[in-house]
2 protein chains.
Amino acid sequence: MFKSAELPQTLSKQEFREMEPDLRIGLLQAQLQLVEERKFSVILVIAGLDGAGKNEAISRLHEWMDPRHLACNAYGEPTEEERLRPPFWRFWRDLPEKGEISIVVGSWYQLPMRRHATSKCSRREFELDLITINAFEEMLFNENVLILKFWFDLPVDEQKKRMKELAKRRRRVRHILEEWTQFMDDGTARETVEEMALRTSTAQAPWYVIPALDEEYRDIALGQIVSSALRYRLERPEPDSIAAPAIVAGMKRRSALDAVDLSAKLDKDDYEKELEHWQEELATLTDKKKFRDIALVAAFEGNDAAGKGGAIRRVTRPLDPRIYKVHPIAAPSDEEKARPYLWRFWRRIPRKGRIAIFDRSWYGRVLVERVEGFCTEADWMRAYNEINEFEQQLVEDDIVVAKFWLAISEEEQLARFKAREETAYKQFKITDEDWRNRLKWGAYEVAAGEMIDRTSTSAAPWTLVAAEDKRHARITVLKTLCKQLKKAL
Amino acid sequence: MFKSAELPQTLSKQEFREMEPDLRIGLLQAQLQLVEERKFSVILVIAGLDGAGKNEAISRLHEWMDPRHLACNAYGEPTEEERLRPPFWRFWRDLPEKGEISIVVGSWYQLPMRRHATSKCSRREFELDLITINAFEEMLFNENVLILKFWFDLPVDEQKKRMKELAKRRRRVRHILEEWTQFMDDGTARETVEEMALRTSTAQAPWYVIPALDEEYRDIALGQIVSSALRYRLERPEPDSIAAPAIVAGMKRRSALDAVDLSAKLDKDDYEKELEHWQEELATLTDKKKFRDIALVAAFEGNDAAGKGGAIRRVTRPLDPRIYKVHPIAAPSDEEKARPYLWRFWRRIPRKGRIAIFDRSWYGRVLVERVEGFCTEADWMRAYNEINEFEQQLVEDDIVVAKFWLAISEEEQLARFKAREETAYKQFKITDEDWRNRLKWGAYEVAAGEMIDRTSTSAAPWTLVAAEDKRHARITVLKTLCKQLKKAL
């Protein structure tokens, strides 16, 4: 998850200089109002990879805001006084008064994550720690504390580079750094972070990922989130159902989608060969006796006209028609509207040995419903966790969950729309609504990017498919399905 | 916990006949409005001990309400269709439409509880199951489903008796019954139920305990809760922060306090002997080297003039003055008011080897603050879980938590108030506020009863102390403290 943080997000010095003055004024004004009204207090949890510049970002906040009402509470190894009391005692002791902001470094996440990372506790013990944390943060939210949590992230290679440099300069901390580096090399490390972020990113205390490769980008991102979350909360006399909006406007963030290489292509001959190969493979896999103990759920999302239908037909062609069903998802029926959102998908969950293919899916909640305002902000914000929980239940029941995002460029979409209008037998595929949706391209991009960040779990990862070339897209889909099935069988 | 359900709660046939007509009208009217408006759906989870008359109560609901909009979904061993899908699939399949009521028997609690009771999963796996349940119910709440959960309870002996009778009549189910009886005999059984109820009784989906000894009482209690919760929800266009009020007026419920035998007495000679013995014991225990690895937190609550101060002085007398501190809890300071409610208690948590005695405590939240309206209903409802979580953290850190409720009768309080007014050096102890609180005797009784039901955990149980006779009360307190300490050392 949080794939976007792995991308190089940057801001030029010039852009930084242009954005800084307004940001500072906004931050200061919000803080002033907070101090005068004393209606709530603020906790900023700063966590993330070593070498990501957490301290530098904290200094910047002190520079930008009134430091008299900004305390930094850093926790390392517990002192004697602290060891003689329950683990949360030290965090309770330093809770800020209303009107004050506390920056927390080495927070209540530190110990559980370290224990888990160094295998001193099981995954289940780790999850229990996370329950305690959620109860704590929920209580804080209800008691008028605004909690914002920041995870400073770096691309893996960059982080390793920085850690090596750090180790050279600071001999004393070398063993800690080595422990950590080893931890990050280990495949389970990212999973620890993911588990932590998914389980504890609640509407009451959300995690924000700060891409920290570029320091200008990093600090502006942090400042903007703090500023807009403060203003959001200041406008509300009582806490809302959410602490702050999930997405902060004002700065372009490269999403995982931007990193898709749309130029990927496959020529016709290669395509025919590969198509035959992977379709045969898919038929063989789903024909195995062991397939009767598992099931497959495949969800297709993507830009309009990205070729979802064509890709799905390439998948179903080699399959025994008795074992699969394609579910096109349009507007919900009356029966479905009268029940919780996910009901329409639960009722279509295949039994063992079967395949359900969704042409558009439960992700509509955080895509079209979000963009068109068919549900409230609180609804789609809680949907990320609900969806992760839903898919988790499928995976735990030995159902393979495959999710495809078919991406095309805005220009390619225009070309395909026009082609559809000009071809008689394709006209049914293009409606006024498609043209209307196209006008909201930017909003859909943001929604899709955040969706991929927040729901690409190790249990049910997204596959981003470059679909500018249909042949390439179809083969990618078939290949991925075969790989996922093979792993499960 | 739920001590009150262990008491004989009864209603005469005459009382039942008098209450039934109004209750039926109320239920029907509420259901009619629900069906017409179709704004939300209702799930009634019916769980509890076998032999407690769950089926009889469900029939009664069908008799009282319009059965065309009332479905009963009972789940036993999963069918083949169900076994081939994730465990929650069958519950999703049967979710009621808006306007409909679904009675769920053998709900999502059945399997986790059975697995845990028969030691087929660890306590931690059980807790993970409970997380999944909480996520499911929270989602339902947010999706406009009103969930009410009922636990049908019986005094232990009565349940055994009924199980034996059942086993005689129904040979086929004998092995299930034996498994269950064994489970209930085992000490961990009640703990399983407690853990389940504490972790999953949320403001969004609360548990209600139905004392099921007497069938008239049982059915009226169930009907009244359903009726008043329906009306509560019908008055709100959007779900509130709570599903329904915790307590339902209209019927006197015997609380754990009613069962305290206030006539308990100790004569002077015995008292002197016991006092000396237990004070010496307490001094010895707190003097042990191992005491430096633990700590003691003792909370004293009770009716005004019940003798908390006197009891506390008997506890502190034999103690080394350097190791204990008595904290009288009155109105919070400005500093404390500006922070989350439990902060003022966390800051007073003793370090290892020390003792903190609270003369009134964090339970003020669910007593005086509740009764006087100093906090909202949602605030004190979430406080039960917050307090349980708080005490859990203390216990896990090897702190002994002792909680005393000193109970006197209304008459005895009056006598003591008068005596205080008449004795010059005791006049400072009685204020106008005491007289005002006395007028709310009934409200405080209800609050105290519910507090004991919802916070008497196996980790931190309440000790109910008959304090009509001061000597008896003081010895009970000292004895209990010594026993709890001895167990921990």
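The radius of gyration is taken over C-alpha atoms, and the globule rule is 2.2 Å times the number of residues to the power 0.38. With 489 residues, a compact globule would have a radius of gyration near 23 Å, and the 24 Å of chain A agrees. This is a predicted model, in which local features need pLDDT of at least 70 and side-chain atom pairs count only at pLDDT 80 or more, while totals for chains, interfaces and linings use all residues. Residues are numbered from 1 along each chain as its sequence is written, and chains are lettered from A in the order in which they are written.

**Chain A overall**
- Chain A has 20 helices and ten strands, which are DSSP runs (helices H or I, at least four residues; strands E, at least two) numbered from the N terminus.
- The C-alpha trace of chain A spans about 70 × 50 × 50 Å along its principal axes.

**Contact between chains A and B**
- Chain B and chain A each give 38 residues to the contact, where two residues are in contact if their C-beta atoms, placed from the backbone, lie within 7 Å.
- Helix 6 of chain B brings eight residues, the largest share of the side of chain B that touches chain A.

**A:Ile408**
- A:Ile408 lies in the loop between strand 9 (399–407) and helix 17 (410–422) of chain A.
- Apart from residues up to four places away in sequence, A:Ile408 touches A:Asn303, A:Ala306, A:Gln413, A:Ala467 and A:Glu468.
- The C-alpha atoms of A:Ile408 and A:Gly76 are separated by 48 Å, and the two residues are 332 residues apart along the chain.
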